[in-house]
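Thank you all for coming; I would like to walk through one structure this morning.

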Amino acid sequence: MLFMVQMDVIVPHDVDQAAFDDLKAIEKARAEELQRSGKWRHLWRIAGQYANVSIFDVDDAGELHDIMMSLPLFPYMKVQVTALCKHPSALAEL
């Protein structure tokens, strides 16, 4: 199943910057691992925001949930999930 996920990161004003920088490095490694596995198919930054739009290719909503919960920055995210399916007029294969 394909899911479009928008992740908006909300950084608390009183966050320990060094600890947050460490967390971002761990997040980057996890995102790269998921991309290499094919689960995190696409990752786009939203210009001017600490946010992204991503496409995940997973077995079901439960797997997506587990992946999202595994992201180190998840506690700082506002997440919006949209299930996707192939459009009958689309030329590209999924």
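Predicted model: local features only at pLDDT ≥ 70, side-chain atom pairs only at ≥ 80, totals over all residues.

F56 is buried, with a relative accessible area of 0%, where buried means under 20% relative accessible area, exposed means over 50%, and partly exposed covers what lies in between, all with a 1.4 Å probe and protein chains only. Residues are numbered from 1 along each chain as its sequence is written, and side-chain values use heavy atoms, with hydrogens and water left out.

Let me turn to the aromatic pairs. Rings of Phe, Tyr and Trp, the last taken by its six-membered ring, pair if their centres lie within 6.5 Å, and planes under 30 degrees apart count as stacked, over 60 as edge-to-face and the rest as tilted. By this rule the count comes to two aromatic pairs. One is edge-to-face, formed by F20 and Y76 with 5.3 Å centre to centre and 90° between the planes. This pair links distant parts of the chain, since F20 sits in helix 1 and Y76 in the loop between helix 2 (61-70) and strand 4, 56 residues apart; helices (H or I, at least four residues) and strands (E, at least two) are DSSP runs, numbered from the N terminus. F20 counts as buried at 3% relative accessibility, whereas Y76, at 24%, counts as partly exposed.

W40 and F56 form a tilted pair, with 4.7 Å centre to centre and 35° between the planes. Because W40 lies in strand 2 and F56 in strand 3, the pair ties together parts that are 16 residues apart in sequence. W40 is buried as well, with a relative accessible area of 2%.

Strand 2 and strand 3 are joined in the antiparallel sense over five bridges, and H42 has I55 in strand 3 as its bridge partner.

Now to the open spaces. On a 1 Å grid over the protein atoms alone, a cavity is a set of points where a 1.4 Å probe fits but cannot get out, and a pocket is an open set with protein on both sides within 12 Å along at least five of seven lines, with lining residues having an atom within 4 Å of a point. Grid points are joined across faces, edges and corners, and a volume is the space filled by probe spheres set on the points.

The largest pocket has a volume of about 410 Å³, and of the 18 residues that line this pocket, the closest to its centre are E27, L43, R45, Y50 and N52. Helix 1 supplies the largest share of that lining, six residues.

Finally, the structure holds one cavity of 30 Å³ or more, and Q6, D8, K78, V79 and Q80 line the largest cavity. The largest share of the lining of the largest cavity, three residues, comes from strand 4.

Methods. Pairing = 2+ DSSP bridges.
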